[in-house]
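Please read it alongside the sequence and the structure shown here.

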Amino acid sequence: MSDLDDVVIIGGGVIGLASALALIEAGRSVRVLEAKTVGSGSSHGNCGTITPSHALPLAAPGTIGRAMRWLLTPDAPLYLKPRIDPSLWKWLARFASRCNARDLRQATAAKAAILTHSRQALPDWLARYGIDCEFAESGTDHVFRDAAAFDEFGEEVRLLAEYGVGADSIDGAAYERQEPAVLPGVHGVIRFHGDASLRPDRYVAGLAHALLQRGGKIVERCEVSGLAEDGAAYRIASSSGEYRARDVLVATGAWSSPLAKTLGLAEEALGKALQPGKGYSITYDSPALMPRRPLVLHERSVCVTAWGSGFRLGSTMEFSGYDSALNRRRLDALERGSREYLREPVGPAKREEWYGWRPMTYDDLPIIGRVPGKARVWLATGHGMLGVSMSVGTAQLVADLVCGRATAIDPQPYRLERFA
């Protein structure tokens, strides 16, 4: 049995590591237990965009209609693998119930709060910990080739502006002159100038390095199998032995619901709230002609990120449970979409084909706060596609809650109790 830690964090992805750093900063001793290796889940292969522009929830008027049209199209941006899965269909029914204007505004306000806080704090956060991850305050460009889609997106732009997320509109011909990487035929572009980008695998590696430098501990290939109260502490059983902590934070992303069932932690609420949403990406060596900032190829829902060290195509959302197959059709759809928009749609050498599961809540808000009925067990999960974007704000909120301080962000919208 190890010494007593102030906090044991289960999960070594971007949320667990960022929270660990914030707790170290608050004077707590911290140990991170990771079932595989740090950052090996969805923290690794995402597109690395920092996007207050994504404050609108997925559950919005019109989403269900689009989903039904795509239902049996295996390479559609949103794909539901046909299967008998009662938990998924119940989740989808709850998701559908939120596709209305009132819930849209409520979720947008809560998402914008944590996204904006995180984005504003990120430059100082990276500088404080000396993290070199190719961070660029670049903005992102949503590129449209279809006039109707461009006009329809205008309503989203107006709504985001109400929550402090600004954007500029650029004529297609003017954009083609300033961005030589795109093919002719751009109708228009929406630029979210407050967005940014970084290389996520280097960000996560930097978080881990900073944590170790400051006395934090990381135990990899450590699968947690039990949690029990032990007086004023908790005992955590794992494949690497038993650990003890005053507080425990579960930050296991898409695996939070299965782990909660194993540990007996609010499994009903988490099982109701969360589904794994599978995303894909392909990473290449840099082509000669790369976009100057991250792009969203809107009609194809493909994200393009160019760093000095590489080039990545990513996105898509697949609800197929924990199916571990690498779906070639969905990878090919990323490249096919890129070919419609870019002069050099892929790089000269392919370095990695990747998939990972995002923790999707049906209201598209993260779950941050105390586990009901457990005095010192906490959750930080359910960040969907925005774990990197929300990492700094989540870390500060976790540290404030665990340490009993006044919070910089209102925690109420993110509590697990909303799913009771």
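A nonpolar core is a set of buried Ala, Val, Leu, Ile, Met, Phe, Trp, Tyr and Cys residues joined through side-chain atoms within 4.5 Å, where buried means under 20% relative accessible area with a 1.4 Å probe, protein chains only. This is a predicted model, in which local features need pLDDT of at least 70 and side-chain atom pairs count only at pLDDT 80 or more, while totals for chains, interfaces and linings use all residues. Residues are numbered from 1 along each chain as its sequence is written, and side-chain values use heavy atoms, with hydrogens and water left out.

**Nonpolar cores**
- The largest nonpolar core has 65 residues, of which Ile9, Leu23, Val30, Leu122, Trp125, Tyr203 and Leu207 touch the most other members.
- Helix α5 (residues 101-129) supplies the largest share of this core, 10 residues; helices (H or I, at least four residues) and strands (E, at least two) are DSSP runs, numbered from the N terminus.
- A second, separate core of 39 residues includes Leu78, Leu88, Cys222 and Leu379.

**Helix α12**
- Helix α12 (residues 387-402) is mostly covered, with 14 of its 16 residues buried.
- Just after α12, Gly404 takes a positive phi of about 70°.

**Strand β16**
- Strand β16 (residues 310-319) has 9 of its 10 residues buried, so it is largely enclosed by the rest of the structure.
- Strand β4 (residues 78-80) pairs with β16 in the parallel sense over 3 bridges, pairing being assigned if DSSP finds at least two bridges between two strands, and Leu78 has Met317 as its bridge partner in β16.
- Strand β13 (residues 274-284) runs antiparallel to β16 and is joined to it by 6 bridges.

Terms used
Buried means under 20% relative accessible area, exposed over 50%, partly exposed in between (1.4 Å probe, protein chains only).
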